[in-house]
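I opened my notebook for a friendly walk through this one. Here is what I looked up, entry by entry.

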Amino acid sequence: MTTTKSPASNYINRDLSWIEFNWRVLQEAQDSTTPLLERVKFLSIVSTNLDEFMSVRVAGLYDQMKANYVKKDFSGYLPEGLLKRIMKRTYRMVAEQYKTYREILRLLYKEGIVLTDFEDLNITQKKVMEQYFHEIVYPVLTPMAVDQSRPFPLVHTQALYLAVVLTREGMEPDADPYFAIVQVPSNLSRCVALSSRANSKKHEYILLEDLIREHIHTLFSGYVPVAVHGFRLTRNADLTLNEEGAEDLLEEIEKELRRRRWGAPVRLEVQKGMHPYALEMLREEFEIEDNVFEIDGPLDLSFLMRLQGSLEGYSHLRYSVVEPVYPREVDEDDIFDVLRRRDVLVYHPYESFDAVTDFICQAAEDHKVLAIKMTLYRVSGQSRLVQALASAAESGKQVTVVVELKARFDEERNIAWARKLEKAGCHVVYGLIGLKTHAKITLVVRQENAALRRYVHVGTGNYNDNTARLYTDVGLLTTNIMIGEDASSLFNEITGYSTPKHMQALSVAPTNLMNELFRLFQREARHAEAGKPARIIAKLNSLSHQETVDELYRASQAGVKVDLIIRGVCCLRPGVGGLSENISVRSIVDRFLEHSRIIYFENGGEPEVYISSADWMSRNLTRRVELLCPVLDDARKQDLIRMLQMSLDDNVKARVLQPNGMYEPREPGTEPPLRSQFQAMNISSWKREDQPESAD
């Protein structure tokens, strides 16, 4: 099939598409049908999303501009022009975010949850807060003056500071004022609970920075504070590693994490009405002119996540509690006995991640298990999995763990786990040079009679019990011989010098996953051209790889119906005549973070279904170790097809991508409302009742 260069108008820019995704998150905070404290959570998520976007994506554009990079991306943007569009949309988003914040504050007030100012406290509350300040806050504050003898101190990325402008008696009227900064302690609660007023059931709070501002004079005796305003700096947070030259990758990453504190400034947030002298001092020090956000409200709304989490009661302002169901198929004493009879598919968070944890814990304790091999990308703080792996190694089992040290913003935690596992006797491998190991796979080798049997878990999400309650992910447990042999080959390639061999079932990036996807796309196109049933359904987090978009366009032009369910970034422009009229794209943003990757191919009436760790992005397909795994058990295939159909039928939270790059709510029409995540909580709506035994 010949390839020609497509015009830039065929694509939506990746970063502008991401901004549209964060708008959809903001819309959840604005949705009056969403429980109030859940709206608070979404508003917090908008802030943390923006932090990462600025420190990575926007930082990358600044780097390109400094390097005089003048090549357009495939959507037709130069770095400078793209940055201007990003900033324009982001300023508008932040303004809307704080408008929403003020509306939510009013609604919280009606429910007795009050964020107040110091001057509004009664006498008793002021005395209590003064005591709290002097006993708890004051001892950990460090005022840092800036003058000729004291250079500007290190300002940490995304930490909250107060800029203080001061004068003193006898100063010349036209003399520059004094300037200092004070870091708001991050190890103290940002929301300070107030004692209740008499006969009041309200929960009242004051922000820590407001309490410090009220008492700022205690830090500068002999000086008069003229103005005190908050500011926050975001630095470039991307790691730059020379893996080839690093003798010890773990030590090199530890060094790079320390260097990250000095990353180039990317964004400056300042409190509205900041004193001009303070603003000029900050601009000059950080050498930042354009990317300055004047915030009409508290800086960094991520504190709202902790605030709503600390509130007891208020169940009427939250979603009802969902307790994950333990999968009935493995609710037996011996999970190995179950898996010898049938494959098991687990859908989180509707089904409990404990099933996966128990599989690994049982393997660690089973005397017939000889080896456990596993990839770890992001792990929770108190992981039973890590404890089980350490225990298995200490009992003499061969335990190999591929720990990804370059998992962005989780590097420090993964370093700690790696050291703990090494100490317990596990073989810890840090992956392949130049590639992140993002695949989620566990291999258990067990002695059974005179033979060895392989048990495999392949998942779409991390081995993290915390996120498994918040993200939608699927995991397959199987003893399929081909998948087991492929799993062994994969681990041999990662840990040793084994040359990649032909895989029987799995496809692995960066070796052959992309080519396999394209082969499957092209097969659907041939079926369509031959008049056979042809369809592609893909549920992903992101689609931004140009060649993949182009292959989907070709499939559409051949007559293949393509339905994409993409939560976040999508660079494909659907519904364009002659290009993509057979492609639809929808995004679902709801209570749980949609994270599973499931792909369906009609295949001329003989459907195939796959699960994957990979989104269709350049980094996943070309710079990471990723997996595409077929689901070969017919019953489990049907389970996945039902999951996909629920997402396609969603007419409550689904938003449909238009050819112009904007998203519009899907209108329910005459159909009854269907909310896919709520539907999935009813396990019988997607999981087959019958449990046929797989061939052994």
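Before anything else I noted my burial scale: buried means under 20% relative accessible area, exposed means over 50%, and partly exposed lies in between (1.4 Å probe, protein chains only). This is a predicted model, so I kept its limits in mind: local features need pLDDT of at least 70, side-chain atom pairs count only at pLDDT 80 or more, and totals for chains, interfaces and linings use all residues. Residues are numbered from 1 along each chain as its sequence is written, and side-chain values use heavy atoms, with hydrogens and water left out.

**Entry: salt bridges**

I started with charge pairs. Side chains of opposite charge can pair when their charged atoms come close. How many salt bridges does the structure hold? I found 41 of them.

I then looked up arginine 39, which forms a salt bridge with glutamate 103, with 3.5 Å between the closest N and O atoms. Arginine 39 sits in helix 2 (residues 36-66) and glutamate 103 in helix 3 (residues 79-110), so this pair ties together parts that are 64 residues apart in sequence. For these names I rely on DSSP runs, numbered from the N terminus: helices are H or I with at least four residues, strands are E with at least two.

My next pair was arginine 232 and glutamate 269, whose closest N and O atoms are 2.8 Å apart in their salt bridge. This pair links distant parts of the chain, with arginine 232 in strand 7 (residues 224-235) and glutamate 269 in strand 8 (residues 265-271), 37 residues apart. I noted that arginine 232 is buried and that glutamate 269 is buried too.

Glutamate 448 is buried, with a relative accessible area of 13%, and arginine 453 is partly exposed at 22%. Both belong to a network of salt bridges that links Asp337, Arg340, Arg341, Asp366, Arg446, Glu448 and Arg453.

**Entry: a negative patch**

Which residues form the negative surface patch? I listed Asp117, Glu119, Asp120, Glu130 and Glu214. Patches are made of residues with over 30% relative accessible area and no salt bridge, with like charges joined within 9 Å and nonpolar side chains (Val, Leu, Ile, Met, Phe, Trp, Tyr) within 5 Å. I picked out glutamate 130, which is in helix 4 (residues 123-137). Glutamate 130 is partly exposed, at 34% relative accessible area.

Valine 474 has its place in strand 17 (residues 471-478), and I found it buried, with a relative accessible area of 1%. Leaving aside neighbours within four places in sequence, valine 474 is in contact (heavy atoms within 4.5 Å) with residues including Val346, Tyr347, Val458, Ile598 and Met643.

Serine 507 lies in strand 18 (residues 507-509) and counts as buried at 5% relative accessibility. Beyond its neighbours within four places in sequence, serine 507 is in contact with Asn512, Leu513, Glu516, Glu626, Leu627 and Leu628.

I closed with the backbone. Most residues other than glycine have a negative phi, and most peptide bonds are trans.

- A cis peptide bond joins histidine 348 and proline 349, with omega about 0°; proline 349 lies in the loop between strand 10 (344-348) and helix 10 (354-365).
- The bond from alanine 509 to proline 510 is cis, with omega near 0°, and proline 510 is in the loop between strand 18 and helix 14 (513-529).
- Asparagine 449 has a positive phi of about 60°; asparagine 449 lies in the loop between strand 15 (441-448) and strand 16 (451-459) and is exposed at 80% relative accessibility.
- Asparagine 603 has a positive phi near 55°; asparagine 603 lies in the loop between strand 23 (598-601) and strand 24 (608-612) and is buried at 12%.

Technical notes
Areas by Shrake-Rupley, 256 points an atom, 1.4 Å probe, with all protein chains shown as cover. Salt bridge = Lys/Arg side-chain N within 4 Å of Asp/Glu carboxyl O. Lys, Arg positive; Asp, Glu negative; His and termini not counted. Charge placed at Lys NZ, Arg CZ, Asp CG, Glu CD.
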